[in-house]
Amino acid sequence: MSNWQELESKYFMQISPRTPLTLVKGKGARVWDDSGKEYLDFVAGWAVNSLGHCPPVVADAVAEQANTLIQTSNQYYTVPQLQLAQILVENSCLDRVYIGNSGLEANEGAVKLARRYGSLKRKGAYEVITTFNSFHGRSLAMTAATGQERFQKPYIPLTPGFKSVAFNDVEAIRMATTDKTCAVMLEPVQGEGGVNIPDDNYLSEVRKWCDQKGILLILDEIQTGIGRLGTLFGYEQYGVEPDIMTLAKGLGSGVPVGAFMAKDNVCVFAPGEHGSTFGGNALTSAAAYATVKYVIDNDIAGNARKVGEYFIARLEELKNKYRFVTDVRGRGLLLAIEFNSDIGQDLLNACLERGLLVNRLKPNALRFMPSLIIGNEEVDQAIDILDRALGSVVGA
Ligand code: PLP
């Protein structure tokens, strides 16, 4: 075994609080560390590896594309980029797409588009209303959009033009709206900020308000999109259509790719007003196209819904068994379990020891975002480990 973790502490900027585990291989819902130990992975690259690790359909597409054409710049047309655009548009309520390299980049583009729309059609309106406990990325503008002080404090002064209000509170959005507002930006279910699920009518009420005021609704589906919530896109479950939607994470099975999509009437960028060297390059687009096609052809979202229902029922059993479990919640395969004290880290460690990877959502909560191809069997294995881990932590 090599001293990889020592190298990290010597050479890497000390930014990522890492689990002391060096992963060297992944297949399906499982990964292996450098000692050969196997883990059931319910982190999935932070909700990225939706088709599991190294899905053959994506690995083959990447290998073939890597041997054919990787990068051309957007000065030219390439086939994978156009195939990806077509499949995304034909399977969503949006009309056009821009392909970039990550989630934050997709959100930056979405906000730029909303501001451009505001400048052209809403007398210079530029302000975007976001929500507390949201997460929209780590660029300077997305740090300002993200309604969490802990991400913002080190970077004051923040980029102007963002205002956060309470999530799941349409009245707060109404109160915050001014002549300067060009858009409201929301996650259908807040992921990083707590797996927070809004009331069923929240998004439709926000949609109504946006229509009334002529402002845009941007849905950040970076975590919830591409099947995670049990439908291809989260908005489908709330009976609303966004004006702009952003995607990343599960879009490319692990290659860095993101996208923002918009209705025709919102696509107001003139040529040259936005762009990127790598965005939508042939290699990442081929991976994303293979991913989205597989997700659609095999109803992977339906599997996420079915297995997610089973998973939450099994988590409820744990809640009934352990009184210190205060809440279980989730949609599809984005779930959380919360406790009455800060045992998140101890539990993560106890799960790790027993071969299960989980994410610490908050000091007192864990998040589960496994690949969307798992079945009830993997859920049973995870619940069994979690049950024993809970027993060990509470018994300690
Ligand atoms: N938006 C949401 C909802 C996210 O969950 C994330 C990442 O966790 C982002 C944006 C940022 O994406 P990225 O890390 O690819 O920049």
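Reader: Ok, which residue stands opposite Thr181 in E7?

Author: That's Glu127. Keep in mind that this is a predicted model. Glu127 belongs to E5, and E5 pairs with strand E7 (residues 181-186) in the parallel sense, over three bridges.

Reader: And what about E5 and E6, parallel or antiparallel?

Author: Parallel again: E5 and strand E6 (residues 162-165) pair over four bridges. There, Val128 stands opposite Phe162.

Reader: How many residues of E5 are buried?

Author: Five of the five, so strand E5 (residues 127-131) is largely enclosed by the rest of the structure.

Reader: Which residues sit on which side of E5?

Author: Glu127, Ile129 and Thr131 are on one side, with Val128 and Thr130 on the other. Both faces of E5 are covered. In a regular strand, side chains alternate between the two faces of the sheet.

Reader: Switching topic. In the largest nonpolar core, which residues touch the most other members?

Author: Leu251, Leu315 and Phe368, out of 94 residues in that core. Helix H13 (residues 376-395) gives the largest share, eight residues.

Reader: Why does this core lie between domain 1 and domain 2?

Author: Because both of them give residues to it: domain 1 covers 4-54 + 300-394, and domain 2 covers 56-297.

Reader: What does Phe368 touch?

Author: Leaving out residues up to four places away in sequence, its contacts include Phe42, Phe311, Leu315, Val358 and Leu386. Phe368 also touches Leu333, Leu334, Leu335, Ala336 and Ile337.

Reader: What's in the second, separate core?

Author: That core has 23 residues, among them Ala125, Ile244, Ala262 and Val266.

Reader: Which residues are closest to the centre of the largest cavity?

Author: Thr72, Ser73, Asn74, Gln81 and Gly280, from a lining of 13 residues.

Notes
Residues numbered from 1 in each chain as written. Predicted model: local features only at pLDDT ≥ 70, side-chain atom pairs only at ≥ 80, totals over all residues. Heavy atoms only, no water. Core = buried A, V, L, I, M, F, W, Y, C linked by side-chain atoms within 4.5 Å. Buried < 20%, exposed > 50% of the residue type's maximum accessible area, 1.4 Å probe, protein only. Helix = DSSP H or I, 4+ residues; strand = E, 2+ residues; numbered from the N terminus. Domains from an automatic or database assignment. Contact = heavy atoms within 4.5 Å. Pairing = 2+ DSSP bridges. 1 Å grid on protein atoms, 1.4 Å probe; cavity = no way out; pocket = protein on both sides within 12 Å on 5 of 7 lines; lining within 4 Å.
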